[in-house]
Amino acid sequence: MPAVRAVTFQAPGEVSVEERPEPELIAGDDAIVAVEATGICGSDLHIYHGRVQIEPGFTIGHEFVGTVLEAGDAVTSAAVGDRVLGCYCTACGTCFFCRRGAYHKCDHGRVFGHGATLGSLQGTQAERALVPHANLTLRRVPGGMSSDVALFAGDVMGTGYHAVSAAGLEPGDTVAVLGLGPVGLCAVQAARAAGAAQVIAVDSVDERLRMAKSFGALAVHLTEDDPRAAVKAATEGRGVDICVDAVGDPRALDLACRLARKAGTVSATGVYAERCEVHMGVVWIKALTLRTGHANVIGHVDRVLTMIEHGVLDPSPLVTHHMPLADAPEAYAAYDRREALKIVLTP
Ligand SMILES: [Zn+2]
Ligand SMILES: [Zn+2]
């Protein structure tokens, strides 16, 4: 049987590069993509650590750019030979939720590289990937756009965009972003692009603070500075209109609820899988709106892609490392040690 190389989860702290069966078209709207670039994401680290459990031997990864090798008869939005980018998840396009535009909550949605619990869809850190519902999942890469940048549209930048658009950002708002990993940094850019008057960016890693500053944010160190004082000073003591939690930790969520102004919005974009206590007294008395959940990346991808194409959003500074797919074990270890912001693997 013909085989392709793929990055597979083995055990917590262990991934390997293995030969896997070559993917084949199943449904009429499937496509097979020859992957040219595939990112390692913070959610891949949840799998790497065993916090998100998947089957040993399952191919991981969900950010990808490549060329369409094969396409079923029902694929109309891309053709064999087209350079495409993929969204991190698939949606059917016809269920109750898809008909209302909530593609991220599709009844038949599947996430690449997340094992049986999220639809048993093999990941994209591989030479080839099977892409279901290709008409919704794939977009043509605009001419001249690099793979590095394009792969952000289908996941990380789409998530940063969602964090502020779901919060209902209006021009002139003041926004705080907690956590300056790739999603937080993309949220900083998306908030600026959406017309935020001020963006206050909070983290404890100097490099990330510097990058947020280069994107136009006011950088505030989590412990060496005082985020609450910084927000008060920037907002005449009111608090921010929108606070994005791009961490996914109860302490970040608590801080977000305290930094948001009365009748403000907290946008919890970081991943929560466990029970987490929220001070409902603070949420209620301040009349906060809480937005949560995965990003509706399929719903945003066309806008995000156009904004990247025209330089309104530019994720290119976030790519700090390129490595061959074969070096995935070292890449995961380096990412785990926080030595890289975004690693792009090339098969
Ligand atoms: Zn991701
Ligand atoms: Zn659906």
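## Close-up views of a predicted model

**View 1. Four cysteines hold the zinc ion (ligand 2).** The protein donors of this zinc ion are the SG atoms of C92, C95, C98 and C106, which lie 2.3 to 2.4 Å from the metal. The structure shown here and in the other views is a predicted model. Along the chain, the donor residues of the zinc ion (ligand 2) follow the spacing C-x2-C-x2-C-x7-C. The angles subtended by the four donor atoms run from 103 to 117 degrees, so the arrangement around the zinc ion (ligand 2) is tetrahedral. For four donors to count as tetrahedral, all angles must lie between 85 and 135 degrees.

**View 2. The zinc ion (ligand 1) has a cysteine, a histidine and an aspartate as protein donors.** The donor atoms are SG of C41, NE2 of H62 and OD of D155, at 1.9 to 2.1 Å from the zinc ion (ligand 1). In sequence these donors are spaced C-x20-H-x92-D. C41 sits in the loop between β3 (31-40) and α1 (42-48), while H62 sits in the loop between α1 and β4 (63-71); the pair therefore ties together parts that are 21 residues apart in sequence. Both of these residues, C41 and H62, are buried.

**View 3. Helix α7 (residues 206-214) has buried residues on one face.** The buried residues in α7 are R208, L209, M211 and A212. Seen down the helix axis, the buried residues of α7 fall within an arc of 160 degrees, and so they line one face of the helix. On the other side of α7, the exposed residues are E207, R210, K213 and S214. What do the buried residues of α7 pack against? Their partners are helix α6 (182-193) and the strands β11 (198-203) and β12 (218-221). After α7 comes G216, which has a positive phi, near 100 degrees.

**View 4. The second largest pocket holds about 260 Å³ of space.** This pocket is lined by 18 residues, of which P21, E22, P23, Q122 and L130 are the closest to its centre. Which elements give two or more residues to the lining of the second largest pocket? They are β1 (3-11), β2 (14-21) and β8 (128-131). Strand β8 supplies the largest share of the lining, with three residues.

Conventions:
Residues numbered from 1 in each chain as written. Chains lettered and ligands numbered in written order. Predicted model: local features only at pLDDT ≥ 70, side-chain atom pairs only at ≥ 80, totals over all residues. Heavy atoms only, no water. Buried < 20%, exposed > 50% of the residue type's maximum accessible area, 1.4 Å probe, protein only. Helix = DSSP H or I, 4+ residues; strand = E, 2+ residues; numbered from the N terminus. Arc of directions from axis to C-beta. Contact = heavy atoms within 4.5 Å. Donors = N, O, S within 2.8 Å, 3.2 Å for Na, K, Ca; no water. Tetrahedral: all angles 85-135°; square planar, octahedral: opposite > 155°, others 65-115°. 1 Å grid on protein atoms, 1.4 Å probe; cavity = no way out; pocket = protein on both sides within 12 Å on 5 of 7 lines; lining within 4 Å. Points joined across faces, edges and corners; volume = space filled by probe spheres on them.
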